[in-house]
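Hello! Here are a few friendly notes to read alongside the model.

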Amino acid sequence: MKTEIISKSEILAMIDQLNEQLDALEENISLTVKQECEMIENKEMAELEVINNLYEKLTEKAESIQDQAQKLRYMKTCGSLKATVALH
């Protein structure tokens, strides 16, 4: 079996190369995490906008129902008054 001798400078060069690869990998991971966070944030913002729009529509509908109920109470009161006047 042949034994290969590696010099100290070759070992240091390999270490430098591995460190560069590690730095690139860390940067890639950092960028990927940042992109994922932005995607999640954008999705959450879109979901909040949908919820807000639904809330506004429900609020409008509730106000409309309250208005209709007020009109019905008024009509009921007017109808009771007409019936009272007709009896007298």
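Where is the place of Leu12? Leu12 sits in helix α1.

1. Some ground rules come first. This is a predicted model, where local features need pLDDT of at least 70, side-chain atom pairs count only at pLDDT 80 or more, and totals for chains, interfaces and linings use all residues. Residues are numbered from 1 along each chain as its sequence is written, and side-chain values use heavy atoms, leaving out hydrogens and water.

2. Now the fold. The protein chain has 1 helix and 0 strands (DSSP runs numbered from the N terminus: helices are H or I with at least four residues, strands E with at least two). Helix α1 covers residues 8-87, and Leu54 is found there.

3. Next, the overall shape. The C-alpha atoms of the protein chain fill a box of roughly 125 × 20 × 10 Å along the principal axes. The radius of gyration is 38 Å, whereas a compact globule of 88 residues would have one near 12 Å (taken over C-alpha atoms; the globule rule is 2.2 Å times the number of residues to the power 0.38). Leu54 and Gln35, 19 residues apart in sequence, lie 29 Å apart in space, C-alpha to C-alpha.

4. Buried residues make up 0% of the 88 residues in the protein chain (buried means under 20% relative accessible area, exposed over 50%, partly exposed in between, with a 1.4 Å probe and protein chains only). Why does Leu54 count as partly exposed? Because its relative accessibility is 48%. Leu12 is partly exposed too, with a relative accessible area of 44%.
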